[in-house]
Amino acid sequence: MKLDLREIMEEGGGSLPFSFEVTADGLVFSGVDEFTAPVVFSGRVENHAGTFTVTGELDSQMACTCGRCLKHFVKPLHIPVRVYLAEELQDEDSEDIYLLSEGRFCDLDEIGMEALVLNMEQRQLCSEDCKGLCPKCGKNLNDGPCNCGEDRDPRLAVLWQLLENDE
Ligand SMILES: [Zn+2]
Ligand SMILES: [Zn+2]
């Protein structure tokens, strides 16, 4: 969506609200199976004495696969967005400054899409302290320890041996 800023160009303190759906169809994110709700970008463009800011947030919901234990889960997506708009770019390296086209159109699709790409986690975890799967037997270690013995105290090895022979 391209927002025409004409009505707040002249007026310092002016503010234009927006809310629309970002098309995330072509985007692939590691661990994200699909967006289960529209990705909505909402916020406002403000003119602070000639400096234009876009303040808002991206909201959606995602079906994910845990990067450690492969569990499927759903979690909300919430990304705060704050960028600046300029009629000319002065510093090419500024990531958070976007150029106005024709001096007054703000490309909100580009801003929303880039915020999504820049802020998405590298992988999705069912919980921060997910223990993952045992590399040997594949057991989900969140459900309890397995019997592979990787974590066994060598001093108890004799005891384990006895127990196993018992079974
Ligand atoms: Zn997990
Ligand atoms: Zn195991």
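Predicted model: local features only at pLDDT ≥ 70, side-chain atom pairs only at ≥ 80, totals over all residues.
Which residues coordinate the zinc ion (ligand 2)? The answer is C134, C137, C146 and C148, each through its SG atom, at 2.2 to 2.3 Å.

The angles among the four donor atoms of ligand 2 run from 105 to 114 degrees, and the site is tetrahedral. For reference, the ideal angle for four tetrahedral donors is 109.5 degrees. Along the sequence, the donor residues of ligand 2 follow the pattern C-x2-C-x8-C-x1-C. As for cover, C148 has a relative accessibility of 24%, so it counts as partly exposed.

Now the other zinc site. The zinc ion labelled ligand 1 has C66, C69, C126 and C130 as its coordinating residues, again through SG atoms, at 2.3 Å. Its four donor atoms make angles of 107 to 115 degrees, and this site is tetrahedral. The spacing of the donors along the chain is C-x2-C-x56-C-x3-C. Buried or exposed, where does C130 fall? C130 is buried, because its relative accessible area is 5% and the cut-off for buried is under 20%. C126, at 24%, counts as partly exposed.

Next, the overall layout. The chain has three helices and eight strands. Read from the N terminus, the order is β-α-β-β-β-β-β-β-β-α-α. Of the 167 residues in the chain, 33% are buried. The accessible surface is about 10700 Å², and carbon and sulfur atoms hold 48% of that.

The largest nonpolar core has 37 residues, and the members that touch the most others are L5, F41, V54, L85 and I111. Which elements each supply at least two residues of this core? They are α1 (6–9), β2 (15–22), β4 (39–48), β5 (51–65), β6 and α2. The largest share, six residues, comes from β6.

On to the charged pairs. How many salt bridges does the structure hold? There are three.

One of them joins the side chains of D107 and K2, with an N to O distance of 3.6 Å. D107 sits in strand β8 (residues 105–107) and K2 in strand β1 (residues 2–4), so this pair ties together parts that are 105 residues apart in sequence. K2 is exposed at 52% relative accessible area, whereas D107, at 22%, counts as partly exposed.

Another pairs D4 with R104, where the closest N and O atoms are 3.0 Å apart. D4 also belongs to strand β1, and R104 lies in the loop between β7 (97–99) and β8, so here parts 100 residues apart in sequence are tied together. Both ends are partly exposed: D4 has a relative accessible area of 24%, and R104 has 26%.

The remaining pair is E121 and K75, whose side chains meet at 3.1 Å, N to O. E121 is in the loop between α2 (108–119) and α3 (157–166), and K75 is in strand β6 (residues 72–86), so the pair links parts that are 46 residues apart in sequence. Here K75, at 18% relative accessibility, counts as buried, and E121, at 40%, is partly exposed.

Last, two backbone points. Most residues other than glycine have a negative phi. L70 has a positive value, with phi near 70 degrees. L70 is located in the loop between β5 and β6, and at 53% relative accessibility it counts as exposed. E102 also has a positive phi, near 50 degrees. E102 is in the loop between β7 and β8, and its relative accessibility of 72% means that it counts as exposed.

To recap: there is a tetrahedral site at ligand 2, another tetrahedral site at ligand 1, a largest nonpolar core of 37 residues, and three salt bridges. That is what I have on this one.

Conventions. Residues numbered from 1 in each chain as written. Chains lettered and ligands numbered in written order. Heavy atoms only, no water. Donors = N, O, S within 2.8 Å, 3.2 Å for Na, K, Ca; no water. Tetrahedral: all angles 85-135°; square planar, octahedral: opposite > 155°, others 65-115°. Buried < 20%, exposed > 50% of the residue type's maximum accessible area, 1.4 Å probe, protein only. Salt bridge = Lys/Arg side-chain N within 4 Å of Asp/Glu carboxyl O. Helix = DSSP H or I, 4+ residues; strand = E, 2+ residues; numbered from the N terminus. Core = buried A, V, L, I, M, F, W, Y, C linked by side-chain atoms within 4.5 Å. Areas by Shrake-Rupley, 256 points an atom, 1.4 Å probe, with all protein chains shown as cover.
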